[in-house]
Amino acid sequence: MAQLLAVLIDGLIYSSWLFIIAVGLTLIYGVMKILNIAHGSLYALGAYSAASLAGYWIHHGYPPMGSYAAMLVAAILVGLIAGPVIERGLLRFMYGKDEIVLVLVTYAVFLILEDFVKLVWGVDPYFIAQPYGLLGNFTVGALTYPNYSLVLFGAAVFIGVVLAWVLTKTRQGKMLLAVIHDREMSGAMGINVGRVYFITFTVGAMLGALGGALTAPMISVQPGIGAETIVLAFAVVVIGGLGSLPGAALAALLVGIVRSAAVHYRPELDLFSIYLVMAVVLIMRPKGLFSAQEARKI
Amino acid sequence: MKRYPILPILMAGSIFLLAVGPFLPRWGMFLINVSLCYGIVVLGMMLLMRTGVVSFGHGLYYCLGAYAAGTLDQVYKISDMAVMMVAAVLVTGLASAALGLLLRKYRDIFFAMLSLAFSMILYGLLVKTSSLGSSDGFNIAASKIAGITVAGTSVDRYVRYALTVVFAFLTGVFMHKYLNSHMGRLAEAIRDNELRVEYMGASVRNVIHVNYVISAVLAGIGGALAAIAVGHIDPEMAYWTTSGEFVFVGILSGTGSVLAPFLGAFIFETIRSFAYEYSPNTWQMALGITMLVVIMFLPGGLWSLFARKRGAA
Amino acid sequence: MNTQVSKITKSGVALLAAVLATAPAICNAQDKPIRIGLVTFLSGPAAGPFGVPAKLAAEAIVDSLNAGKVPAPYATKGFGGTPLELVIIDEAGGATKQVAELRNLVERQDVDFVIGYISSGDCLAVAPVAEELKKIAILFDCGTPRVFEDASYKYVFRTRPHATMDAVAGAMYLLENRPAVKSMGGINQNYAWGQDSWADFTAVMAALKPELTITTSQMPKFGAGQYGPEISSLLQSNSDVIHSSLWGGDLEAFMLQATPRNLFTRSQLILVAGEPYLHRLPGSIPDGTIIGARGPSGVYAQKSVLNDWLRQIYKERAENYPNYPAYSVAQAFLGLKTAYEKAKVQGTPGTEEIIKAFEYETFDSPSGKVMMKLGKGHQAVTGTAYGTTRTVNGQITVGNIKYYPVERVQPPEGVKSVDWIKAGMKPGKW
């Protein structure tokens with residue numbers, strides 16, 4: 001019983017993390033139909049910036065609780081700078097092209113940003129230990145968990161709820177949904193599709209960076225974390241159905257719990273648990289868990 | 001579109017490579033050898049791209065081909081290159097026939113991700129297998145070809161090089177004929193509009209399945225030849241970044257003709273090699289910038305440099 | 001005037017002629033610097049802890065050698081008077097890439113020797129290629145015993161011991177200090193290094209303490225970074241000891257996540273390759289952790305003139321004192337220098353002569369004596385050391401250091417590690 005509880009709690013924490021890193025990606029794909037491989041770099045940029053800023057903050061003796069704000073600020077800054085630069089500076093010129101070419105462009109951006117990160121921050125791992133342990137622990141049975149995990153969980157729920165509200169209740173959000181559903185029609189109806197793209201990409205970039213920033217206190221930020229995260233984010237997005245927010249949430253939950261169960265009961269399966277889930281889901285529901293019905297155009 | 005006489009160029013190119021081989025520095029022979037192996041795999045990618053699907057999991061077959069060749073040497077102590085090539089073709093053919101049954105129902109990103117999932121599952125299985133060296137892989141010593149021992153002789157490297165050139169030629173010819181045949185033209189039709197093809201009576205799924213198997217076998221051939229040339233194989237060959245490279249080179253080359261993949265692969269390998277040498281700290285950035293430049297100015301891939309359109313018809 | 005000028009001119013010409021005449025005698029290969037190719041990780045997760053320290057150490061050592069500032073017996077400039085030149089390339093990109101790059105290094109960049117390779121996969125892949133190219137290649141850091149246990153090479157040398165001794169000495173140290181352990185769990189990266197480390201360690205423990213129970217073996221994938229479920233599993237297992245060969249960012253992440261959850265108040269931790277992180281993780285490594293340095297290097301290097309020299313030249317270029325990869329690279333350079341100069345003394349320092357000199361040689365290094373006694377004279381052996389962490393004045397140091405001699409921790413020539421461990425690790429004749 002205790003083990004089952006542990007599996008659930010661990011699964012939930014990991015799912016929260018997966019959701020945060022995947023939600024930006026599914027948003028961008030849903031609206032712009034771009035598979036943004038550079039999402040991994042944005043995650044890395046967010047992590048490095050958060051580690052630097054929070055590290056600087058703590059080093060100079062400011063109150064440690066403020067380091068959380070520092071991390072958030074770092075993520076938002078990264079999104080606000082990198083997002084528009086990539087979108088306005090590069091992607092804008094490529095929209096007419098084949099989908100696969102756009103993937104390639106984002107891959108090239110990913111390569112460039114990898115080395116950019118290396119040039120700016122060097123190759124040594126960065127870590128900021130304080131924010132993680134700052135909030136103390138909570139115990140469930142025989143196990144202790146850091147309260148930071150609750151922060152992660154709370155952040156995931158918060159982001160999910162806010163995005164859901166924005167998308168369905170605000171005018172801007174509904175326009176976004178319209179563009180997801182049918183780009184051409186939305187344009188014909190007078191929606192400024194270009195502006196929607198710009199806003200979406202920037203928000204998606206911020207979310208990616210936020211994923212990195214929130215993860216930074218738990219890990220050692222090192223070169224290569226971007227590449228590892230992309231595949232996970234993609235898998236979650238595809239399992240959930242591209243462009244679907246509830247899909248991403250459910251997929252994150254599924255993958256998180258399966259991985260947690262694998263680690264507890266069959267550790268050697270951990271290596272490919274996510275790919276097994278993806279294969280099984282795609283076999284049963286070819287377009288992911290929540291996929292919009294699309295009319296076939298002849 | 002300017003039409004090149006593809007078959008004579010293939011023939012001439014192969015003969016030229018075979019003739020000039022012994023005079024090349026060994027690193028040059030190796031570079032061309034590896035490029036051609038890549039080129040063969042990308043030839044398969046090109047076929048799939050012409051059919052309208054992109055596979056992010058061809059590393060699976062590249063790796064299977066290499067491991068089929070390698071296991072023959074490691075486990076059964078058969079180190080004949082000819083047998084290895086046959087094994088690679090058989091193994092990848094069977095695997096792709098089976099997986100293709102499932103994959104042929106998918107398109108776009110789902111095809112890509114499902115194929116990626118399978119290749120990563122193979123990766124995971126290989127990493128777990130310590131008898132095959134786990135993530136370190138193992139060395140393979142292909143020492144004979146059709147019974148004649150070449151390892152240790154002065155023609156050793158040339159034989160591997162020549163073998164690759166011959167296979168590149170054969171696969172190039174085959175693909176050229178295939179693309180101009182009934183099936184090949186159906187492939188492009190499917191890319192343009194699947195529904196219409198169905199209405200006209202052809203089976204889209206069958207065509208996709210057949211093309212998938214062909215591309216997989218090509219990847220297996222490329223993998224086995226790479227294993228023979230490099231002498232070492234490891235599970236990294238099935239990792240998604242390897243498959244991503246194939247996709248990348250495919251798009252870089254363009255789908256204009258069967259010469260495009262070989263050209264694209266060669267240029268990619270060369271750029272990467274020199275990027276390593278001249279900017280060991282920023283070779284990724286150099287590669288990324290080069291890619292962007294190519295994409296922006298040559299949207300049809302590198303091949304469009306050679307295939308200029310004539311004036312408006 | 002004219003006569004004077006013409007006299008000067010004549011003597012000048014004469015002098016020039018004399019110089020040119022004798023020039024061939026002086027301007028032989030000795031003036032052309034010796035090019036050494038260095039292959040190490042400059043990008044990716046291995047760069048920070050291993051690749052770049054190795055590069056910094058190599059550059060410092062080459063400068064020091066060229067200036068003739070190395071302590072005896074290495075005081076000659078360069079190798080035998082000839083200056084050295086470093087050509088550095090990135091080890092990232094995978095084994096196939098490294099095979100191609102080795103060919104480029106040797107044939108395009110014309111290096112005389114190659115020192116490199118941290119990844120075991122790369123070592124295994126490039127060794128046969130070095131043989132084919134007939135260039136001396138020195139593997140300086142990779143750990144797999146397979147290189148010289150599965151094959152033998154003429155041109156390939158490894159100047160550091162292989163990883164078997166990490167497991168053997170670690171287990172011995174653990175049992176000497178915590179003889180009452182009953183259960184053991186592990187967390188290792190799921191790739192060859194992690195798998196082999198775990199397999200070796202459990203095999204040694206099975207031979208030394210058969211009644212030990214293995215509770216759980218966590219194998220997260222390389223670069224996972226998130227160890228929540230793994231830590232929960234380890235917490236639940238209530239193991240007396242936890243074995244780990246994690247390194248790099250993965251190790252740091254694991255420690256960051258595990259320490260606040262009090263994993264190490266329950267279980268004794270042994271970090272087989274933990275030495276590079278001592279100066280990076282103050283406060284995050286609990287006292288009482290057993291740390292290995294893959295040899296008597298880094299914090300375990302005993303005081304000597306050579307050790308002081310390496311620490312000094314390295315600190316001038318880096319923020320910290322050298323860690324074990326830096327010591328490994330030092331062994332490679334000093335071992336090669338010894339062989340080169342021995343061959344030169346006996347005649348010409350050609351490849352064949354250097355190989356003969358290198359085989360079975362013994363040389364001094366900042367971590368102590370290195371003996372090329374395995375792999376038919378191509379594989380080095382040294383003893384090793386383990387210690388326990390303790391915080392002194394806010395700094396993490398190691399105490400209770402124990403040194404283990406070669407014969408207790410390495411299989412003798414001709415015996416595979418796996419077999420030697422199974423048979424009870426009987427010390428061979430050294």
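## About the model

Residues are numbered from 1 along each chain as its sequence is written, while chains are lettered from A and ligands numbered from 1 in the order in which they are written. As the model is predicted, local features need pLDDT of at least 70, side-chain atom pairs count only at pLDDT 80 or more, and totals for chains, interfaces and linings use all residues; side-chain values use heavy atoms, with hydrogens and water left out.

## Where chains A and C meet

Let's start with the interface. Here 35 residues of chain A touch 39 residues of chain C (contact means heavy atoms within 4.5 Å). Together the two chains bury about 3,100 Å², 53% of it on carbon and sulfur atoms; this is the accessible area, with a 1.4 Å probe, that two parts lose on being put together, summed over both. On the chain A side, F127(A), Q222(A) and L271(A) supply 16% of the area buried against chain C, more than any other three residues.

## A helix pair across the chains

Helix α11(A) packs against α8(C), residues 228-237, at an angle of about 35° with the axes 9 Å apart. Helices are DSSP runs (H or I, at least four residues), and strands are E runs of at least two, numbered from the N terminus. Axes are lines fitted to C-alpha atoms over the stretch in contact, and angles run from 0 to 180 degrees between N-to-C directions.

From α11(A) come R259(A), S260(A), V263(A) and H264(A), and from α8(C) come P229(C), E230(C), S232(C), S233(C) and Q236(C).

## The second largest cavity

There are 10 cavities of 30 Å³ or more. A cavity is a set of points on a 1 Å grid over the protein atoms alone where a 1.4 Å probe fits but cannot get out, and its lining residues have an atom within 4 Å of a point.

Of its 30 lining residues, Y14(A), L232(A), K221(C), G223(C) and A224(C) are the closest to the centre. α10(A) gives the most to this lining, with 5 residues.

## Two backbone features in chain C

The peptide bond from A72(C) to P73(C) is cis, with omega near 5°; P73(C) sits in the loop between α2 (47-66) and β2 (84-90). N238(C), though not a glycine, has a positive phi of about 50°, and is found in the loop between α8 and β8 (241-244).

Terms used:
1 Å grid on protein atoms, 1.4 Å probe; cavity = no way out; pocket = protein on both sides within 12 Å on 5 of 7 lines; lining within 4 Å. Points joined across faces, edges and corners; volume = space filled by probe spheres on them.
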